[in-house]
Amino acid sequence: MTRSYITTPIYYVNAAPHLGHAHTTVMADILKRHRLMRGLDVFLSTGTDEHGQKNQEAAAKSGLSESDYLAAQSAEFQRAFDQLGVAYDFFVRTTRPFHKEQVQRIETLLQDRGLLIRKPYRGLYCAGCEQFKKDSDLTEDGYCLEHPNLKAEATDENNYFLVIEPYRARLIAHIEAHPDWVQPAQYRHELLAMLAHPLEDLCISRPKSRVALGVELPFDPDFVTYVWFDALINYITNIGWPDPAFAEWWAVSEHLIGKDILKTHGVFWPIILMAIDLPLPGRLSVHGHWLGAGGQKMSKSLGNVVDPFEVMAVYGASALRYYLARNMRVASDSQISVDLIKAAYNTELANKLGNLLQRLIKFSAARFDGRLPSPGALDPADAAAVAVALDKVRAAHAHLDLATIPQALALIVEAADFLNEYVTREAPWTLIKTEGALPRVHGIVYAGLDGLRLLLEGLWPVMPVVANQGLAMLGVPEITLDAGAHDFVAGRLPQGHEIGEIATLFPRVET
Ligand code: MSP
């Protein structure tokens, strides 16, 4: 494979960007940067989902015009992702004309093929999920399980429906024939369970009398498109469908999603694609959710909300990205709090990485005449230390996908521990007092710094800004988005390079 198309969900703009949005988008960016380092061409799309009932209600409350509200909120998401250092290639707003035209094109296609039916619908709707619900999806008193503060609303209206049951067997066959299509495996089982019973028709419209913010149905101006139907289509309009060239990216597509939207992506979306004779997405990579301190869902009333902007203001974007990447679990939920971020920042980033750099580079500047060590060829013991770091970084980058990001970081932390122990044990600051030991002292410091240089390169996908700051201090070329394939090799630390200003990569934060 030489290309990869990575997508994030597109986010509702009815509220400010939160940690969950930051999470999926940062993971997508990490995978993108990793794949660039492996020499792939990568296209990363993200953006905002700007139609539907809850966006409409939020816009109405805002006091702004609808289009100003949507633009301002979408800009907030873009600002969040920019501040997080996400190198997206395309930021979609579903209100853009091209997208809306293609949604209508698909609807016309379905209508012309006789695949849509119009019929009354009586049922319950959760505006939080923007989905129709069955009684079994709700609490006894009618509240949504995903949105416990929202009572599902009774609806009784005509709508257009896509009959999806005829595609169920084909979808099951696809999932069974492609065991990696949904990852990790537990979500594959969940999906198969969702497909174990006949599927109800998929409602693709909303009467304008109820929701006006949406893409008008091309064949019935009294209706707009159901927000999920429109939103999912972003994945192909972002890469130019119906231009046939879209297929090159589509064939290598991977949707990153939280577990909350498995059904829309694993059932509805593939069936919509089947109905218009398009291939299914390449892969669904699913992750669990972040919970607040105490393992409860983050909520303002519990006071356990972690605001990505606040965390970035105190610890920086790199530290937030690191925490998310190191601690998320795809198959279960994970906890996050400002205290946990602080602990990870101090123990791992400041103490293990920052300190290693500080003590070695300061020693080198003081003892080697303002320069990096110049040992010539390394003593085998020192070369072996670099080799340990090299092995671990290579292993971390060998099989990186959404599920293994935390394991990759664990390997890099192990390598940092190893290098710290190595320089502590070899104690160049003591050895330098022994006559004739200077060449070896150069070798130890070199091995420590060259090993650290490898770790910083390995960390670039996760913490691009700080990794590059560290590399610049070590006189090593920064890694850029257009650098192409990256080889991890020993010995790239430039011997005798003049050391410039020494900055602290992870300054202590005492809040
Ligand atoms: N607009 C739809 C998605 C349409 S995609 C064609 C939507 N938007 S959302 O704003 O509610 O975002 C949902 C996504 O945000 C989740 O699938 C997940 O990627 C992310 N997260 C939201 N809360 C989360 C956590 N608490 N933890 C981790 N990620 C979560 O659904």
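Which of the 22 residues around the ligand come nearest? In this predicted model, where local features need pLDDT of at least 70, side-chain atom pairs count only at pLDDT 80 or more, and totals for chains, interfaces and linings use all residues, the nearest are I10, T24, D49, D260 and W290, a residue being near the ligand if one of its heavy atoms lies within 4 Å of it. Residues are numbered from 1 along each chain as its sequence is written, and side-chain values use heavy atoms, with hydrogens and water left out.

The shell around the ligand comprises 10 nonpolar, 10 polar and 2 charged residues, where Ala, Val, Leu, Ile, Met, Phe, Trp, Tyr, Cys and Pro count as nonpolar, Asp, Glu, Lys and Arg as charged, and the others, Gly among them, as polar. At least two residues of this shell are supplied by each of strand 2 (11–12), helix 1 (19–37), helix 7 (227–232) and helix 8 (234–237), with helices (H or I, at least four residues) and strands (E, at least two) taken as DSSP runs numbered from the N terminus.

A nitrogen atom of the ligand lies 2.8 Å from a side-chain N or O atom of D49, while an oxygen atom of the ligand is 3.1 Å from a backbone N or O atom of G258. Of the 670 Å² that the ligand exposes when taken alone, the protein buries 91%, accessible areas coming from the Shrake-Rupley method with a 1.4 Å probe.

Elsewhere, G475 lies in the segment after helix 18 (464–473). Leaving aside neighbours within four places in sequence, G475 is in contact (heavy atoms within 4.5 Å) with P494 and H497.

Technical notes
Polar contact = N/O pair within 3.5 Å; in protein donor to acceptor, adjacent residues only side chain to side chain.
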